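Subject: Structure handover

Hello,

I am passing on the structure that we talked about, and I would be glad if you could look through it alongside the notes below.

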Amino acid sequence: IGGDFRISDDWRLFTELSMTVHPSDFDNKMKSSAVFSFKAGVLYDIADNPTRSRSRFETKSFPDDWFFNVALGVCSVNHREISDFNDRISHLTPVFEFGIGKRLTTLWQIRLCASGLYAKANDDFFSFYNLRGDIMIDPVAYFSRDNFNPLFSVVPYLGAGVVARLDS
């Protein structure tokens, strides 16, 4: 889930909390692992068209309503062997993300992201990257259809992609 807050006509601050399920060979465990990430960054609207029609099913012209985002944050690999809070905190590592997306309608958006840096599994640090595509919905836009350029958004999303370690 993500959220953003408009600070000017073209710039937004955003935060995002996400969970990615990785296969068992990602961190050499017997079962899949979850990587939780918290990121904060900026989002820049490219060719934003806030005065468009408010129909939920409208089609935009291709050059309108693109956005680019850059974020920094922390991530943590979690699996069954990590049981207490201090152990989870010791697995925190930095994460970097950038993405480009398109607002298809006032409700629906799509985004391609690349993220990663490094993670910690047991006492081993390793570099990784994650390429994914997200389908996003903005329910705030549904309830504020009379406001062409809302001050904030809350954006749940679902995505799929590939993740790879750089050492194997």
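This is a predicted model: local features need pLDDT of at least 70, side-chain atom pairs count only at pLDDT 80 or more; totals for chains, interfaces and linings use all residues.

Residues are numbered from 1 along each chain as its sequence is written, and side-chain values use heavy atoms, with hydrogens and water left out.

The protein has two helices and nine strands, where helices (H or I, at least four residues) and strands (E, at least two) are DSSP runs numbered from the N terminus. Read from the N terminus, their order is β-β-β-β-α-β-β-β-α-β-β. Of the 168 residues, 41% count as buried, meaning under 20% relative accessible area with a 1.4 Å probe, protein chains only.

The largest pocket holds about 380 Å³ of space; a pocket is an open set of points on a 1 Å grid over the protein atoms alone, where a 1.4 Å probe fits, with protein on both sides within 12 Å along at least five of seven lines, and lining residues have an atom within 4 Å of a point. The volume is the space filled by probe spheres set on the points, which are joined across faces, edges and corners. Of the 24 lining residues, M19, T20, V21, N130 and R132 are the closest to the centre of this pocket. Strand 9 (157-165) is among the strands that supply at least two lining residues, and its seven residues are the largest share.

Best wishes

Conventions:
Buried means under 20% relative accessible area, exposed over 50%, partly exposed in between (1.4 Å probe, protein chains only).
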